[in-house]
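Subject: Structure handover

Hello,

Here is the structure you asked to look over. The findings follow below it.

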Amino acid sequence: MSDPRRLLLVNGPNLNLLGTREPGIYGSATLADVERITADAAASAGFEIRAIQSNHEGVLIDAIHAAREDCAGIVINPGGLTHTSVSLRDALTGVGLPFAEVHISDVYAREEFRHHSYLHDVAAVRVIGRGVDGYADAVRELAALL
(Lines give C-alpha, C1' and ligand atoms only; values in the text may rest on other atoms or scores of the structure.)
Protein backbone atom coordinates (compact mmCIF):
# COMPACT_ATOMS: atom_id res chain seq x y z
CA MET A 1 0.00 0.00 0.00
CA SER A 2 1.48 3.35 -1.01
CA ASP A 3 1.96 6.06 1.56
CA PRO A 4 0.74 9.18 -0.25
CA ARG A 5 3.03 11.32 1.92
CA ARG A 6 6.43 9.90 0.83
CA LEU A 7 8.55 10.26 -2.30
CA LEU A 8 11.65 8.30 -3.19
CA LEU A 9 14.59 10.44 -4.31
CA VAL A 10 17.00 8.46 -6.50
CA ASN A 11 20.39 9.78 -7.60
CA GLY A 12 22.45 7.61 -9.89
CA PRO A 13 26.11 7.09 -10.65
CA ASN A 14 28.62 9.86 -9.98
CA LEU A 15 26.09 12.17 -8.34
CA ASN A 16 27.89 11.54 -5.05
CA LEU A 17 30.63 13.73 -6.58
CA LEU A 18 28.41 16.81 -6.85
CA GLY A 19 30.20 19.88 -5.60
CA THR A 20 33.56 18.73 -6.94
CA ARG A 21 32.73 17.05 -10.26
CA GLU A 22 32.86 19.46 -13.21
CA PRO A 23 31.49 22.49 -11.30
CA GLY A 24 31.27 24.43 -14.56
CA ILE A 25 28.56 21.99 -15.63
CA TYR A 26 27.00 20.84 -12.37
CA GLY A 27 27.67 23.79 -10.03
CA SER A 28 29.06 23.74 -6.52
CA ALA A 29 26.08 22.24 -4.66
CA THR A 30 26.71 18.87 -3.04
CA LEU A 31 24.52 15.78 -2.91
CA ALA A 32 23.64 16.77 0.67
CA ASP A 33 22.45 20.14 -0.69
CA VAL A 34 20.32 18.34 -3.30
CA GLU A 35 18.77 16.13 -0.65
CA ARG A 36 18.00 19.18 1.55
CA ILE A 37 16.51 21.16 -1.37
CA THR A 38 14.36 18.18 -2.32
CA ALA A 39 13.25 17.48 1.26
CA ASP A 40 12.33 21.14 1.80
CA ALA A 41 10.24 21.24 -1.37
CA ALA A 42 8.59 17.95 -0.44
CA ALA A 43 7.77 19.18 3.07
CA SER A 44 6.16 22.29 1.59
CA ALA A 45 3.96 20.00 -0.49
CA GLY A 46 3.14 17.74 2.48
CA PHE A 47 5.56 14.93 1.63
CA GLU A 48 8.66 13.41 3.14
CA ILE A 49 11.65 12.12 1.17
CA ARG A 50 13.57 8.88 1.36
CA ALA A 51 16.84 9.40 -0.49
CA ILE A 52 19.23 6.96 -2.10
CA GLN A 53 22.34 7.46 -4.21
CA SER A 54 24.34 4.63 -5.67
CA ASN A 55 26.89 4.03 -8.36
CA HIS A 56 25.42 0.53 -8.79
CA GLU A 57 22.42 0.03 -11.05
CA GLY A 58 21.06 -2.98 -9.15
CA VAL A 59 20.97 -1.05 -5.87
CA LEU A 60 18.90 1.66 -7.56
CA ILE A 61 16.55 -0.91 -9.08
CA ASP A 62 16.07 -2.60 -5.69
CA ALA A 63 15.20 0.77 -4.10
CA ILE A 64 12.71 1.49 -6.87
CA HIS A 65 11.09 -1.92 -6.38
CA ALA A 66 10.83 -1.30 -2.62
CA ALA A 67 9.20 2.10 -3.24
CA ARG A 68 6.00 0.49 -4.45
CA GLU A 69 5.36 -0.55 -0.85
CA ASP A 70 5.45 2.89 0.77
CA CYS A 71 5.92 5.72 -1.72
CA ALA A 72 3.51 7.74 -3.83
CA GLY A 73 6.07 8.71 -6.48
CA ILE A 74 9.74 8.91 -7.43
CA VAL A 75 12.09 11.77 -8.27
CA ILE A 76 15.08 10.41 -10.17
CA ASN A 77 18.28 11.75 -11.64
CA PRO A 78 19.63 8.57 -13.23
CA GLY A 79 22.91 10.17 -14.25
CA GLY A 80 24.58 8.31 -17.10
CA LEU A 81 22.07 5.45 -16.78
CA THR A 82 19.60 7.79 -18.49
CA HIS A 83 21.22 7.00 -21.80
CA THR A 84 21.98 3.32 -21.32
CA SER A 85 19.61 1.48 -19.01
CA VAL A 86 16.58 -0.39 -20.24
CA SER A 87 16.60 -2.18 -16.86
CA LEU A 88 16.11 1.09 -14.99
CA ARG A 89 13.25 2.01 -17.31
CA ASP A 90 11.67 -1.41 -16.76
CA ALA A 91 11.94 -1.00 -12.97
CA LEU A 92 10.29 2.42 -13.08
CA THR A 93 7.44 1.30 -15.33
CA GLY A 94 7.13 -1.98 -13.43
CA VAL A 95 6.35 -0.41 -10.07
CA GLY A 96 3.61 1.75 -11.55
CA LEU A 97 4.50 4.90 -9.59
CA PRO A 98 4.57 8.28 -11.33
CA PHE A 99 8.08 9.65 -11.54
CA ALA A 100 9.95 12.82 -12.35
CA GLU A 101 13.14 12.65 -14.40
CA VAL A 102 15.63 15.35 -13.37
CA HIS A 103 18.88 16.50 -14.97
CA ILE A 104 20.96 19.30 -13.47
CA SER A 105 22.55 20.27 -16.78
CA ASP A 106 20.84 20.85 -20.11
CA VAL A 107 21.56 17.46 -21.65
CA TYR A 108 20.40 18.73 -25.05
CA ALA A 109 23.16 21.35 -25.08
CA ARG A 110 25.82 18.72 -24.41
CA GLU A 111 27.24 15.74 -26.30
CA GLU A 112 24.95 14.01 -28.77
CA PHE A 113 24.86 10.75 -26.78
CA ARG A 114 23.27 12.63 -23.86
CA HIS A 115 20.28 13.64 -25.98
CA HIS A 116 18.67 10.20 -25.71
CA SER A 117 16.79 9.21 -22.56
CA TYR A 118 15.28 5.80 -22.02
CA LEU A 119 12.91 7.48 -19.56
CA HIS A 120 11.63 10.48 -21.50
CA ASP A 121 8.44 8.91 -22.82
CA VAL A 122 7.38 7.25 -19.55
CA ALA A 123 8.20 10.03 -17.08
CA ALA A 124 5.23 11.96 -15.69
CA VAL A 125 7.47 15.02 -15.25
CA ARG A 126 10.79 16.04 -16.85
CA VAL A 127 12.97 18.83 -15.46
CA ILE A 128 16.12 19.51 -17.45
CA GLY A 129 18.83 22.11 -17.13
CA ARG A 130 17.53 24.03 -14.11
CA GLY A 131 20.49 23.21 -11.86
CA VAL A 132 19.90 21.66 -8.46
CA ASP A 133 16.80 23.82 -8.04
CA GLY A 134 15.29 21.56 -10.67
CA TYR A 135 14.81 18.95 -7.97
CA ALA A 136 12.44 21.28 -6.11
CA ASP A 137 10.62 22.01 -9.37
CA ALA A 138 10.29 18.27 -10.00
CA VAL A 139 8.85 17.69 -6.54
CA ARG A 140 6.29 20.48 -6.97
CA GLU A 141 5.25 19.26 -10.42
CA LEU A 142 5.04 15.63 -9.30
CA ALA A 143 3.15 16.51 -6.10
CA ALA A 144 0.58 18.39 -8.20
CA LEU A 145 -0.14 15.14 -10.05
CA LEU A 146 -0.57 13.02 -6.92
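Starting with a helix pair: Glu-57, Ile-61, Ile-64 and His-65 in helix H3 are in contact with Ser-87, Leu-88, Ala-91, Leu-92 and Val-95 in helix H4. By residue type, this contact consists of six nonpolar residues, two polar and one charged. Please keep in mind throughout that the model is predicted.

The two helices span residues 57–67 (H3) and 86–95 (H4), and they pack at an angle of about 5° with their axes 9 Å apart. Because that angle falls under the 35 degrees used as the cut-off, H3 counts as roughly parallel to H4.

Burial in the two helices

In H4, the buried residues are Leu-88, Ala-91, Leu-92 and Val-95. Viewed down the axis of H4, they fall within an arc of 95°, so they line one face of the helix. The spacing has a simple background: an α-helix has 3.6 residues a turn, so residues three or four places apart point the same way. The cover over the buried residues of H4 includes H3, strand E3 (73–77) and strand E4.

H3 has Leu-60, Ile-61, Ala-63, Ile-64 and Ala-67 as its buried residues. They take up an arc of only 160° around the axis, which puts them on the same side of H3. Their packing partners are E1, strand E2 (48–53), E3 and H4.

In soluble globular proteins, nonpolar side chains tend to be buried together. Here the largest nonpolar core has 25 residues, and Val-75, Ile-104 and Tyr-135 have the most contacts inside it. At least two residues of this core come from each of strand E1 (6–11), helix H2 (31–44), strand E4 (99–103), strand E5 (125–128) and helix H5 (133–145). H5 gives the largest share, six residues. Another core, of 20 residues, lies apart from this one and has Ile-52, Ile-74, Ile-76 and Leu-119 among its members.

What does Ile-104 touch, leaving aside its neighbours within four places in sequence? Its contacts are Leu-15, Leu-18, Tyr-26, Asn-77, Gly-129, Arg-130, Gly-131, Val-132 and Tyr-135. Tyr-135, in that list, is also one of the residues with the most contacts inside the largest core.

Leu-8 is in strand E1 and counts as buried, at 1% relative accessibility. Neighbours within four places in sequence aside, Leu-8 is in contact with Arg-50, Ile-52, Ala-63, Ile-64, Ala-67, Cys-71, Gly-73, Ile-74 and Val-75. Of these, Ala-63, Ile-64 and Ala-67 are among the buried residues of H3, and the buried residues of H3 do pack against E1. For a distance along the chain, Leu-8 and Val-86 are 78 residues apart in sequence and 20 Å apart in space, C-alpha to C-alpha.

Val-107 sits in the loop between E4 and E5. Beyond its neighbours within four places in sequence, Val-107 is in contact with Arg-114, His-115 and Ile-128.

Backbone and surface

Which phi values are positive in a residue other than glycine? Asn-14 has one, near 75°, and Glu-22 has another, near 40°. Asn-14 lies in the loop between E1 and helix H1 (23–26), and the place of Glu-22 is also in the loop between E1 and H1. Asn-14 is partly exposed, with a relative accessible area of 36%, and Glu-22 is partly exposed as well, at 39%.

Ser-44 belongs to helix H2 and is exposed, with a relative accessible area of 71%. Ser-44 and Arg-140 are 96 residues apart in sequence, yet their C-alpha atoms are 8.8 Å apart in space.

Regards

Note on methods:
Residues numbered from 1 in each chain as written. Predicted model: local features only at pLDDT ≥ 70, side-chain atom pairs only at ≥ 80, totals over all residues. Heavy atoms only, no water. Axes fitted to C-alpha atoms, helices over the stretch in contact; angles between N-to-C directions. Helix = DSSP H or I, 4+ residues; strand = E, 2+ residues; numbered from the N terminus. Parallel < 35°, antiparallel > 145°, perpendicular 65-115°, else oblique. Contact = heavy atoms within 4.5 Å. Nonpolar A, V, L, I, M, F, W, Y, C, P; charged D, E, K, R; others polar. Core = buried A, V, L, I, M, F, W, Y, C linked by side-chain atoms within 4.5 Å. Buried < 20%, exposed > 50% of the residue type's maximum accessible area, 1.4 Å probe, protein only. Arc of directions from axis to C-beta.
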